[in-house]
Amino acid sequence: MVASLLESWRLFSMQVEKLKVTIWAADAARAANFYQTVFGASISRQNPHITELSVAGGLIAIHGGGEGKQTWTGLTFQVADVVAGAAEVIAAGGKCAREPQPENGEPPHLAMCEDTDGNQIMLSRARS
């Protein structure tokens with residue numbers, strides 16, 4: 001009986017093809033350039049409405065038409081050096097409202113930043 005229930009579930013369950021995070025940008029080309037410059041993203045698909053970028057096996061979809069207002073995205077980029085990463089974000093036109101700070105004698109592990117369109121992103125380092 002359990003096997004038949006599992007088989008029925010498989011017949012009717014949604015098949016996820018890919019998972020991506022979509023953000024909005026007032027200037028989609030500028031936003032795509034930011035993620036390419038700072039995080040080494042590559043364009044995997046592009047049309048007049050959306051640009052999909054591949055970064056470390058994940059997908060970010062940038063949709064034009066955003067208002068350029070500060071928005072939390074949930075995007076977190078784990079990097080080896082949060083201080084150097086924050087400097088790259090700033091050099092590419094982004095901002096870091098919470099710059100990396102050492103905690104409990106450990107090197108900084110977190111920075112809260114924004115891309116060029118006000119989308120908030122987090123940089124983190126794996127903690128020991």
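## Val21 and the E1–E4 pair

Val21 stands opposite Ile60 in strand E4. E1 and E4 (residues 58–64) run parallel and are joined by six bridges. Strands (E, at least two residues) and helices (H or I, at least four) are DSSP runs, numbered from the N terminus. Two strands pair if DSSP finds at least two bridges between them.

This is a predicted model: local features need pLDDT of at least 70, side-chain atom pairs count only at pLDDT 80 or more, and totals for chains, interfaces and linings use all residues. Residues are numbered from 1 along each chain as its sequence is written, and side-chain values use heavy atoms, with hydrogens and water left out.

## The four-stranded sheet

The sheet is open, with mixed pairing and the order E1-E4-E3-E2. E1 (20–25) and E2 (42–46) stand at the edges with a single partner strand each, so one side of each lacks a neighbour in the sheet. Neighbouring strands are turned by 30° against each other on average, direction ignored.

Helix H2 (residues 28–39) packs on the sheet and touches E1, E2, E3 (50–55) and E4. The direction of H2 makes about 155° with that of E4. Axes are lines fitted to C-alpha atoms, for helices over the stretch in contact; angles run from 0 to 180 degrees between N-to-C directions. Contact means heavy atoms within 4.5 Å.

## The E2–E3 hairpin

E2 and E3 form a hairpin with three residues between them. Their pairing is antiparallel, over four bridges. Ser42 has Ser54 in E3 as its bridge partner.
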